[in-house]
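Me: I'd like to go through this one with you, starting from the fold and ending at a single side chain. Here it comes.

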Amino acid sequence: MAEENKSGLKIVAVNRHARHDFFILESFEAGIELKGSEVKSIREGTVNLKEGFAHVHKREILLEGVHISPYSHANQFGHEPVRTRRLLMHRREINRIEADLQQQRLTLVPLRLYFKKGRVKVEIGLAKGKKLHDKREAIKEKESIRSMERAQRSRKP
């Protein structure tokens with residue numbers, strides 16, 4: 001379910017899978033074009049960003065593979081759970097992202113979905129794929145940090 005953040009953001013979904021599989025080089029905030037039943041479903045927290053990705057097509061950024069479950073109280077004319085959705089960004093940001101994608105062979109992945117001042121926003125990240133050894137190294141770092149924290153907690157009276 002959604003949780004309120006200190007900065008007034010109501011975070012609905014976080015893509016932890018993206019941070020495990022990719023190095024996030026830069027992140028951007030984008031609006032998203034949705035249908036009414038999709039917004040209501042997002043408010044319920046029925047979103048999955050795991051398989052999602054974005055790409056530039058005809059000077060627009062499109063979000064694909066994000067699953068928004070049908071709204072429980074919608075009629076038969078609800079929405080498709082997985083469909084292409086347009087992201088709303090400034091033209092110069094889109095042009096910059098498109099140039100980075102072409103030159104550096106990067107990927108656009110959704111990092112989190114949240115409400116900001118009543119509007120649904122998506123944080124997308126320019127990402128570079130991790131190799132297997134990079135993933136193992138990240139896991140080792142996390143485990144060492146956890147073990148140090150455990151040791152510090154056990155020392156305190």
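Me: In what order do the elements of the protein chain run from the N terminus on?

Reply: A word on the source: this is a predicted model, where local features need pLDDT of at least 70, side-chain atom pairs count only at pLDDT 80 or more, and totals for chains, interfaces and linings use all residues. Residues are numbered from 1 along each chain as its sequence is written, and side-chain values use heavy atoms, leaving out hydrogens and water. Helices (DSSP H or I, at least four residues) and strands (E, at least two) are numbered from the N terminus, and there are four helices and ten strands here. The order is β-β-α-β-α-β-β-β-β-β-α-β-β-α.

Me: What share of the 157 residues of the protein chain counts as buried?

Reply: Buried means under 20% relative accessible area, with a 1.4 Å probe and protein chains only. The C-alpha trace spans about 60 × 40 × 25 Å along its principal axes. Of the 157 residues, the buried share is 32%.

Me: How do strands S5 and S6 pair, parallel or antiparallel?

Reply: Two strands pair if DSSP finds at least two bridges between them. S5 (residues 53-57) and S6 (residues 60-64) have five, with His57 partnered by Glu60. The sense of the pairing is antiparallel.

Me: Which residue in S8 stands opposite Leu62?

Reply: S6 also pairs with strand S8 (residues 85-88), and the two run antiparallel. Three bridges join them. Opposite Leu62 stands Arg86.

Me: Is Glu123 buried or exposed?

Reply: Glu123 sits in strand S10 (residues 119-129). Contact means heavy atoms within 4.5 Å, and, leaving aside residues up to four places away in sequence, Glu123 touches Arg19, Ser27, Phe28, Val109, Pro110, Leu111, Arg112 and Tyr114. Its relative accessible area is 12%, so Glu123 counts as buried.

Me: With which side chain does the side chain of Glu123 make a polar contact?

Reply: A polar contact is a pair of N or O atoms within 3.5 Å; within protein, one must be able to donate a hydrogen and the other to accept it, and residues adjacent in sequence count only if both atoms are side-chain atoms. For Glu123 the distance is 2.4 Å. The partner is the side chain of Arg112.

How values were computed: Buried < 20%, exposed > 50% of the residue type's maximum accessible area, 1.4 Å probe, protein only.
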